[in-house]
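Please have the sequence and the structure at hand while reading.

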Amino acid sequence: MASILRFRKLCYLDPVKFQSYEFPRINKQEEDNAIPAAKLAAEIPKKKTNRQLKERRSIDYCCRFIGYICTTWWLLLFLYQCFPATLPGFLVPEAPGARLRREGITALHPVVMVPGMVTGGLELWEGKPCAEGLFRKRIWGGSFTEIFRRPLCLLEHLSLDNETGLDPPGIRVRPVPGLVSADYFAPGYFVWAVLIENLAKIGYEGKNMHMAAYDWRLSFQNTETRDRTLSRLKSKIEFMYESNGYKKVVVLPHSMGVIYFLHFLKWVETPSPMGGGGGLGWCAKHIKAIMNIGPAFLGVPKAVSKMFSAEGGDLALVRAMAPALLDSELLGLQTFVHFLRVSRTWDSIMSLMPKGGETIWGDKDWAPDEGNTCPLTKIRHQQPSTSGNDTNNIKKNGFGLKVQDNYGRIISFGKEASQLPSTQLPAFNSKELLHKGTSKSLNPRCGEVWTEYDEVSRESIKKVAENKVYTAKTLVDLLQFVAPKTMQRAAVQFSHGIADDLNDPKYNHYKYWSNPLETKLPDAPDMEIYSLYGVGIPTERSYVYKSSPNIDKCKNVPFQIDSSADGDDQESCLRGGVYFVDGDESVPVISAGFMCAKGWRGKTRFNPSGIATYVREYKHKPPTSLLEGRGLESGGHVDIMGNVGLIEDVLRVAAGATGAEMGGDRIHSDILRMSERINLRL
């Protein structure tokens with residue numbers, strides 16, 4: 001941070017002018033000539049161009065913003081560490097692990113943790129000259145100081161090859177091994193650390209606790225192709241099973257790690273060379289329970305906005321408040337462009353695209369989660385979470401007709417398009433859109449291609465907004481148009497549909513294994529599957545977009561969320577161009593809870609052996625004091641890892657308890673009603 005401010009001072013502050021203490025004599029003529037010179041010197045600052053002033057403001061905004069964030073974060077962390085643990089009136093609650101240990105609960109089953117996307121650390125093993133001195137140092141998931149020192153270099157090393165989805169030539173980045181890979185994402189910001197500490201309090205240590213680190217940027221099968229990650233996970237589970245008295249393993253996947261481990265379940269039983277060759281009884285023999293934390297079983301709409309414009313509701317708000325901060329071209333500070341260029345090389349993002357099409361996520365006229373009380377409304381009125389036939393998000397338009405927020409329209413160009421009756425919307429023609437995308441006319445002035453948008457003519461890009469509305473079904477065609485290379489790789493690695501016949505031999509291919517709607521659970525009737533997630537937090541569900549003001553400009557993302565689009569009344573779920581629903585801030589309830597609430601409940605074609613499933617929801621409660629850190633009862637997607645209720649559930653199952661002994665389901669949301677509205681053949 002200090003280096004950035006020094007650089008700014010050197011580049012933008014006026015140079016110091018030194019003057020002599022002697023006062024030389026000047027004659028009358030020289031004095032007369034000095035007057036116009038003084039006038040000229042006074043006029044020079046006035047001749048600064050608008051571009052120079054704009055560039056200076058841009059770097060000012062950037063430095064101030066980063067400085068404010070860093071200063072505030074470290075100040076709060078310092079104050080938190082200074083408070084005594086026994087401050088009168090602010091006693092910190094006893095850790096769940098310590099309390100359960102007094103009750104006689106001790107370590108029994110080995111525990112394997114599977115981190116999600118972004119939270120796992122990455123270190124450099126081979127790099128370009130710009131990365132000199134970073135060998136085996138973290139370039140992701142650490143202090144992030146190197147990103148401030150050499151941002152473009154680090155982004156280059158975090159990118160994958162756009163053709164293969166593997167390492168670019170001359171670059172090797174690998175996951176950090178061990179528990180330290182995902183205990184903290186940054187200094188003071190825990191991920192798994194609190195849960196690990198509480199497991200240790202009841203007797204866990206390195207011999208019966210393991211972090212299954214992997215490179216979260218890669219497609220799931222490519223983690224095996226490049227690093228043999230799946231094979232090492234299989235061997236580790238087998239070793240922990242045998243070395244801990246043949247006790248079955250409890251697996252704790254988080255976020256994207258949930259569908260990564262779902263891929264593993266199918267891989268481990270599949271014959272080699274495509275699979276691990278463990279046989280059909282491997283899971284039944286080695287795994288007691290899978291406790292999925294913040295699961296993204298059916299994907300997240302946020303992945304769509306990341307792929308389409310590299311932004312979400314939070315970044316759209318920042319862009320609206322300070323446009324120059326994220327879009328400035330000064331020093332290459334085009335944040336959205338750089339992030340889009342890098343993220344489109346990460347195949348893992350495509351694994352999080354919504355699965356199940358319109359059957360799960362709704363169409364232009366219907367969505368399973370419509371008619372629910374908006375979390376924004378709950379927070380605004382300080383009401384507890386409700387369920388049932390609440391229709392507070394139904395409002396009236398200018399003609400007195402009722403208009404209901406339709407979440408099935410995941411991308412709408414303009415607020416009006418998101419609310420119009422489907423009969424008034426133009427018909428979508430995928431063939432016409434893809435045909436327009438084939439007539440590429442790259443502007444030669446663009447030079448280096450930063451994103452795939454620059455590979456398509458700007459005239460064709462403008463046609464995208466003409467279709468107005470895109471659902472989970474038509475989004476695939478949209479992304480094939482704007483990101484053809486990414487979608488070409490994704491088509492080999494992932495599938496997002498619903499299987500008609502799971503006995504069809506084509507579903508033996510690994511592209512289907514991470515989709516719970518296109519694969520069967522293993523034959524393990526004694527195994528248990530839990531879905532543990534937070535509720536009561538506004539979660540992104542669909543978006544209102546607009547064309548960028550700089551749509552004709554090179555190296556620019558031509559679309560952005562319309563942050564000026566808000567609901568017409570206080571009951572609307574539309575805020576800042578984003579429609580919100582109930583969830584954990586990242587994953588909507590329908591994605592986190594449907595499979596355990598209905599898709600796998602009992603014996604279904606997706607769960608032929610009848611594995612017991614449980615839904616355990618945790619109602620979000622923000623922290624009441626600084627001593628609670630990020631909240632002891634938080635339901636946030638990452639913060640839930642410190643939720644005392646979730647920790648207690650995990651510790652009890654690891655110590656041998658079953659879902660039935662813990663009371664079965666615990667539901668606060670409308671997941672059961674939503675699930676019943678989904679017409680899926682089971």
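Q: Is Cys153 buried or exposed?
A: In this predicted model, the relative accessibility of Cys153 comes to 8%. Buried means under 20% relative accessible area, and because Cys153 has 8%, the residue counts as buried.

Q: Which residue does Cys153 join in a disulfide, and in which parts of the chain do the two cysteines lie?
A: The structure holds 1 disulfide, and its two sulfur atoms are 2.1 Å apart, in Cys153 and Cys130. The pair links distant parts of the chain, 23 residues apart: Cys153 belongs to helix H6 (residues 151-158), while Cys130 sits in the loop between strand E2 (122-126) and strand E3 (138-140). The partner of Cys153 is therefore Cys130.

Q: What is the handedness of the link of Cys130 and Cys153?
A: A disulfide is a covalent bond between the sulfur atoms of two cysteines. The angle about the S-S bond is 80° for Cys130 and Cys153, and with this value the link is right-handed.

Q: How does the accessibility of Cys130 count: buried, partly exposed or exposed?
A: The relative accessibility of Cys130 is 33%. Partly exposed covers the range between under 20% for buried and over 50% for exposed, so Cys130, at 33%, counts as partly exposed.

Q: What is the relative accessible area of Cys283, and what is that of Cys573?
A: Cys283 is buried, with a value of 0%. Cys573 is buried too, and its relative accessible area is likewise 0%.

Q: How many helices and strands are there in the protein, and what share of its residues is buried?
A: The protein has 26 helices and 19 strands. Among its contacts with a separation of 6 or more, 75% are between residues 24 or more positions apart. Of the 682 residues, the buried share is 52%.

Q: How is helix H8 oriented to helix H9?
A: Helix H8 (residues 220-227) packs against helix H9 (residues 229-243) with the axes 6 Å apart and at an angle of about 85°. Because angles of 65 to 115 degrees count as such, H8 is roughly perpendicular to H9.

Q: How many charged residues are in the contact of H8 with H9?
A: From H8 the contact takes Phe220, Gln221, Thr223, Glu224 and Asp227, which meet Thr229, Leu230, Ser231 and Arg232 in H9. By class, 2 of the residues in the contact of H8 with H9 are nonpolar and 4 are polar, and the number of charged residues is 3.

Q: How many nonpolar residues does the contact of H8 with H10 have?
A: H8 and helix H10 (residues 256-269) pack with their axes 9 Å apart, at an angle of about 70°, which means that H8 is roughly perpendicular to H10. Phe220, Gln221, Thr223 and Glu224 of H8 make the contact with Met256, Ile259, Tyr260, His263 and Trp267 of H10. The contact of H8 with H10 has 3 polar and 1 charged residues, and its nonpolar residues number 5.

Q: Where is Arg228 found, and what is its phi?
A: Arg228 is found in the loop between H8 and H9, and it is partly exposed, with a relative accessible area of 47%. Although Arg228 is not a glycine, its phi is positive, at about 55°.

Q: Is Tyr246 buried or exposed?
A: Tyr246 is found in the loop between H9 and strand E8 (249-253), and its phi is near 55°, a positive value in a residue other than glycine. Exposed means over 50% relative accessible area, and because Tyr246 has 56%, the residue is exposed.

Key. Residues are numbered from 1 along each chain as its sequence is written. This is a predicted model: local features need pLDDT of at least 70, side-chain atom pairs count only at pLDDT 80 or more; totals for chains, interfaces and linings use all residues. Side-chain values use heavy atoms; hydrogens and water are left out. A disulfide is a pair of cysteine sulfur atoms within 2.5 Å. Helices (H or I, at least four residues) and strands (E, at least two) are DSSP runs, numbered from the N terminus. Buried means under 20% relative accessible area, exposed over 50%, partly exposed in between (1.4 Å probe, protein chains only). Contact means heavy atoms within 4.5 Å. Axes are lines fitted to C-alpha atoms, for helices over the stretch in contact, and angles run from 0 to 180 degrees between N-to-C directions. Angles under 35 degrees count as roughly parallel, over 145 as roughly antiparallel, 65 to 115 as roughly perpendicular and the rest as oblique. Ala, Val, Leu, Ile, Met, Phe, Trp, Tyr, Cys and Pro count as nonpolar, Asp, Glu, Lys and Arg as charged, and the others, Gly among them, as polar.
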